[in-house]
Amino acid sequence: MTPLPDFGTETLEAAVRALGSLRLGPVPSTVEDVANAFSCVPSAPATRSGVEMAFLDLLARRQGVALARLLGASTIRGVEVNALLRGETPLEVAQEAKDAMAAGFRTLKVKMGSHPEALDTRRLRAVREAVGPSVRLRVDANGAWTEAEARVRLAPLLALGLEYAEQPVPPGDISGLRRLRALLRVAADEALGTEEAAAALLDGAEGPAADVLVLKLPVLGGILPALRLAARARVLGVGTVVTSAMDGAVGRAAGAHLALTLGGGWAHGLATGLLLLEDPGAHPVVAGALQLRDEPGLGIAPEALGW
């Protein structure tokens with residue numbers, strides 16, 4: 001996993017230190033062994049995630065099963081993913097939406113917050129007009145607004161039937177996020193940057209602060225911490241969506257195995273390989289789904305990565 005401090009991970013220097021501090025004993029022989037072996041690097045989540053992923057892949061390969069089966073999934077199939085729309089103008093984003101729908105995507109995500117209010121509203125209306133009412137539409141503000149601004153920005157969009165608004169307020173504004181749930185479904189992404197933040201989102205006296213948690217493996221420390229967090233969320237009726245932190249093919253495959261294990265019916269943010277210049281070893285995205293193969297481990301041969 002790539003350390004990306006802006007996404008909530010450690011720096012590259014901290015990752016190098018964390019790797020140097022690891023003292024590996026016998027190769028873990030169970031999932032529980034893997035969980036225990038790397039609990040010592042909580043302050044370096046991307047590092048922990050990468051090392052954990054390697055050992056889970058090895059364990060699944062040794063047992064001759066796909067990673068999702070090792071984690072409890074009963075079948076291996078395609079994982080529904082959303083298309084990410086980035087067009088600057090209503091015309092551009094509407095054409096992107098049409099192209100995504102033609103390619104089989106049934107969930108579209110539009111970035112908001114960096115444009116003037118009126119332009120963002122026109123962009124979203126253009127998307128809805130382009131694809132009709134049956135396609136799911138979600139927006140992501142990346143924490144760009146205050147609570148008051150979010151209310152103003154989102155109010156004109158409610159008639160468009162948004163699936164949810166992702167991180168409409170800054171990560172630290174847990175109370176504001178909770179209050180916005182009265183307006184529409186909200187998802188927490190950047191707000192999950194620390195274990196303490198996750199607890200605040202789920203365990204407040206007033207109930208959960210979000211309807212959906214956005215799980216990024218390099219931020220949460222790997223598949224197993226993400227599974228534990230998702231289990232807590234499920235008990236409270238909070239959904240989970242797995243997304244990429246601009247991960248390569250290996251990281252996105254791990255995210256897809258996690259998504260398949262979780263179930264839940266959400267489209268996941270794992271089609272970001274389309275944004276990379278090169279993407280060796282990637283599972284293809286066909287008809288709006290990342291096509292996992294029922295092969296041992298992550299289903300990616302080292303040779304495909306040039307190793």
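Trainee: Which residues does Leu-201 touch, not counting residues up to four places away in sequence?
Mentor: Contact means that heavy atoms lie within 4.5 Å. In this predicted model, the partners of Leu-201, not counting residues up to four places away in sequence, are Ile-174, Leu-177, Arg-178, Ala-188, Ala-191, Leu-192, Gly-207, Pro-208, Ala-209, Ala-210 and Leu-213.

Trainee: In the largest nonpolar core, which residues have the most contacts inside it?
Mentor: A nonpolar core is a set of buried Ala, Val, Leu, Ile, Met, Phe, Trp, Tyr and Cys residues joined through side-chain atoms within 4.5 Å; buried means under 20% relative accessible area, exposed over 50%, and partly exposed in between, with a 1.4 Å probe and protein chains only. In soluble globular proteins, nonpolar side chains tend to be buried together. The largest core here has 83 residues. Those with the most contacts inside it are Leu-108, Leu-124, Leu-201, Leu-213, Leu-215 and Ile-223.

Trainee: Which helix gives the most to this core?
Mentor: Helices (H or I, at least four residues) and strands (E, at least two) are DSSP runs, numbered from the N terminus. With eight residues, the helix that gives the most to this core covers residues 249-262 and is α12.

Trainee: How are residues numbered, and which pLDDT is needed for side-chain atom pairs to count?
Mentor: Residues are numbered from 1 along each chain as its sequence is written, and side-chain values use heavy atoms, with hydrogens and water left out. As this is a predicted model, totals for chains, interfaces and linings use all residues, while local features need pLDDT of at least 70 and side-chain atom pairs count only at pLDDT 80 or more.

Trainee: What distance separates the end C-alpha atoms of α6?
Mentor: The expected span of a helix is 1.5 Å times one less than its number of residues. Since α6 has 15 residues, it should span 21 Å. The distance between its end C-alpha atoms agrees with this, at 22 Å.

Trainee: Which residue just after α6 takes a positive phi?
Mentor: Within α6, the buried residues include Leu-119, Leu-124 and Val-131. Just after the helix, a positive phi of about 80° is taken by Gly-132.

Trainee: Which residue of β4 stands opposite Leu-108?
Mentor: Two strands pair if DSSP finds at least two bridges between them. β3 and β4 pair in the parallel sense over five bridges. Opposite Leu-108 stands Leu-137.

Trainee: Which residue in β5 is the bridge partner of Val-139?
Mentor: β4 and β5 run parallel and are joined by three bridges. In β5, the partner of Val-139 is Ala-165.

Trainee: In the open sheet of three strands, which strands stand at the edges?
Mentor: The order of this sheet is β1-β10-β9, with antiparallel pairing. The edge strands each have a single partner, so one side of each is left without a neighbour in the sheet. They are β1 (79-80) and β9.

Trainee: Is Ala-287 buried or exposed?
Mentor: Ala-287 is in the loop between β9 (285-286) and β10 (289-290). Leaving aside its neighbours within four places in sequence, Ala-287 is in contact with Ala-103 and Gly-104. With a relative accessible area of 53%, Ala-287 is exposed.

Trainee: What is the relative accessible area of His-268?
Mentor: His-268 lies in the loop between α12 and β9. Leaving aside neighbours within four places in sequence, its contacts include Val-79, Thr-240 and Ala-259. His-268 is buried, and its relative accessible area is 3%.
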